[in-house]
Every structure is written in C-alpha cells, then in structure tokens.
Amino acid sequence: MADSPSDGAQIIEVTFNQQQYVIIEKLKAEGQFGRTDEEIVRNIFLEFLRQEGV
Amino acid sequence: MLQYGPLKTEVLLQPVSGKALPVLRGEVIRIIQEEGGQCVDFNAFNLHDYKEYLGVSNTRSRNAFRVKKGDIIWSVSSRDRPMFVILEIAETCRTDLLGGRCRASLFDRRGYGLHTNCQDTLSAAIGEYDLTPDDVHDSLNLWMNTEWDSVGRYFTLQNTGRKGDYVDLLATIDTLSVAAPCGSGDLGWTSNFALRPIRVQVFEAADETLARVKEIERQNTGFKGQRTPDEFKVNKIKADRELRRNQSYVPEFVNYPIINKSIRVPLSTDELAKTNQLVSAGLGRDAAEVIRIGAILWYMRNREPGRRSR
C-alpha cells in the first residue's frame, strides 16, 4: 500500500456516483487499500498507474 | 459428448416450412442439414410465458456476433436468463446474430413478388400456439455465412453446411422452439441459390443433460435484473392495441437520481505529473476524471468476478 504523499501534496477532488461508490465500499470491507475513501481511491489509482507502467 | 435421453420427436421440414416444438428443460433439440447448404432460422419462447423469448441482442452482447460451442443463448433483457447452451455445433456452421430474419417485402421490392421468407414461415409455425406475426423475433441464424466490412456493411458468403452436419441446443428452461429453413436462400448465397429441407430431432432429458442445466443455472442465475413478471411494476399484458397514457403512472427508475460524492484525493507532485500524462494521452479530460477512470479500471481488472479480459 502506498504512503501518503509527503512532497508538495495537492488535493484533487474526484467524484464517484452511488453506483461507482460500491467499489470503494467493497474495498473498504476488504481492508487492503486503506480505511477511508481518500486512502482507497488514492491507493488503487497508484496501483493502476503502476500496472499501466506510468 | 453428453449422454442425451431417447429420441422424443423427429420432423423433416420441407422447404419452406417450420415447426414449433416443445423442448423442455434438460432436453436437446438437434437441427440437421438434410442435404447441406441450407440456412436455418431459429426462434424460441418460454413455454409458460411467451413474453420471454430468445434475446438475439442479449446473446450477441454477452457472447459475440457469432455464437459457438459452449455459449449460452439468453432470453430477452427483461428476463435475462439462459434458455439454451450450444452443446455441439458442426465446424461448418457459421452462426449469425446480426441478420434478424428475411421478410417478404425484401423480395417484392426486387421484383420477385410474394417470395418465401422467414418472417412468414415462423409466423405460420407459431400460429399453432396462437402466437401472432408480431411475436416472431429476430432469429438465431444457423449456417448463415455472413460477414461485415470495416464500415459495417453486411453481406452473405457461400453457405458452408454439409449433409449431416448438426447443431445441438440444450434447453435450460421449458421452451417452444421453432426451426425453419430460411426462405431467402434460392435468391442468394444464404443457401447457395436453393431451398432445401432440414431435419429436427428432440431428445429427452437425461441425468447428464440435467446436471449441465443445473451447473448453468448455478453460474448464471440469481442476479439482480433477472426478473419474473411478479417483479414488474406493470405486469399485465395489454389486451388491446391502442396505446393510451396512464395518468396515474409514476415511473420508478433505477438508482434515480444519480448522486455524486466528492472524495479529496492527495497526490504528490510526481504522482500528479504522471496523472497529467494520462490526461495528455486522452484517458480523461482532467486529473480528477483520470483518477476516477483509473480507479474503476483497476477494480474491474483486479476484483470483478468472472470478468473477461478486455
């Protein structure tokens, strides 16, 4: 799981509708990617970047 | 190959005729090329509720433009249940889920007058069960060697069916199944400029076929949206033809209204730079959209059950 950013952190407001939010709830129950909405979205997005090779 | 039960029904369909046959859960309908080279149109209905019928677009979107051995044939999206599974299919049998069915006007406009066609053949066959021409639906087309080009133009190539080739469909619900030799084939490659008979057999259920049905049910039923009429807000079949507005009706749309929740996602300078690379590449309009799309794509690829890789 990635840490919180330490250098020059910027906040991006990302919207999820109630149907997309099901994903976050499922991952919250799983526990692997954090406990809060922010942690989960950040961590799976960073996983996405890693898998994409960005 | 699964062990089927004994032969229950056998009919030889001369060109151009059709027959509606009950094919019950666990039974197998075999459609055979009597001489070869004949396109076959196939319709099917839930035997106990004709409003549930074979869903060509549902089957297409769940499988491909063509179905193959092992694929499930689904009912219409309002019910969304497996109706059949393709147990066996000759390698010469090109299947088609794009062409719908031919109808008389296609030929009359070309100067042939009233010509045989699948809309009318299927109508005549299902009339035995008091169904009307409006109840004929787009066909699962068998031995229909169609192609399309890069701009979507659709055309038919030579029929590849050989004498004795067959397709076996295992019914996963009680059905009224209707097979018909396509009536257009004497004026094109659909059936190589000829009209030929087909043979249809129905085999009774057996332990192995019923076990396969149960396996399909276990894997493909019980999901939201696989509704029965009891769950419909409007579930009475209209008995008249005129459409009139119901003044008291209030629609109930799914998950309406759509509500957005905002989540504040912290990114480092380096992470934001990578995100903006994806904005530049066109993944989303801005960093927020890229994060949402990326997060959802990650979930789909890594957590969705049974998702095909795309």
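**Exercise 1. How do strand 1 of chain A and strand 15 of chain B pair, and over how many bridges?**

The model is predicted: local features need pLDDT of at least 70 and side-chain atom pairs count only at pLDDT 80 or more, while totals for chains, interfaces and linings use all residues. Residues are numbered from 1 along each chain as its sequence is written, with chains lettered from A and ligands numbered from 1 in the order in which they are written.

Step 1. Strands (E, at least two residues) and helices (H or I, at least four residues) are DSSP runs, numbered from the N terminus, and two strands pair if DSSP finds at least two bridges between them.

Step 2. Strand 1 of chain A and strand 15 (residues 260-267) of chain B pair in the antiparallel sense, over eight bridges. Within this pairing, Ile12(A) has Val265(B) as its bridge partner.

**Exercise 2. Describe the side of chain A that touches chain B.**

Step 1. Counting residues as in contact if their C-beta atoms, placed from the backbone, lie within 7 Å, the contact takes 30 residues from chain A and 28 residues from chain B.

Step 2. Strand 1 (10-17), helix 1 (21-30) and helix 2 of chain A each supply at least two residues of this side, and helix 2 gives the most, with 11 residues.

Step 3. By class, this side has 15 nonpolar, nine polar and six charged residues, where Ala, Val, Leu, Ile, Met, Phe, Trp, Tyr, Cys and Pro count as nonpolar, Asp, Glu, Lys and Arg as charged, and the others, Gly among them, as polar.

**Exercise 3. At what angle do helix 2 of chain A and helix 6 of chain B pack?**

Step 1. Axes are lines fitted to C-alpha atoms, for helices over the stretch in contact, and angles run from 0 to 180 degrees between N-to-C directions.

Step 2. Helix 2 (residues 37-52) of chain A and helix 6 (residues 287-302) of chain B pack at about 75°, with their axes 8 Å apart, which makes the two helices roughly perpendicular, a term for angles of 65 to 115 degrees.

**Exercise 4. In what order do the six strands of the open sheet in chain B run?**

Step 1. The order is 1-14-3-12-7-6, with antiparallel pairing, and the edge strands, strand 1 (7-13) and strand 6 (72-74) of chain B, each pair on one side only.

Step 2. Strand 3 (residues 28-33) and strand 12 (residues 166-171) of chain B pair over five bridges, and Arg30(B) stands opposite Asp168(B) in strand 12.

Notes. Angles under 35 degrees count as roughly parallel, over 145 as roughly antiparallel, 65 to 115 as roughly perpendicular and the rest as oblique. Two residues are in contact if their C-beta atoms, placed from the backbone, lie within 7 Å.
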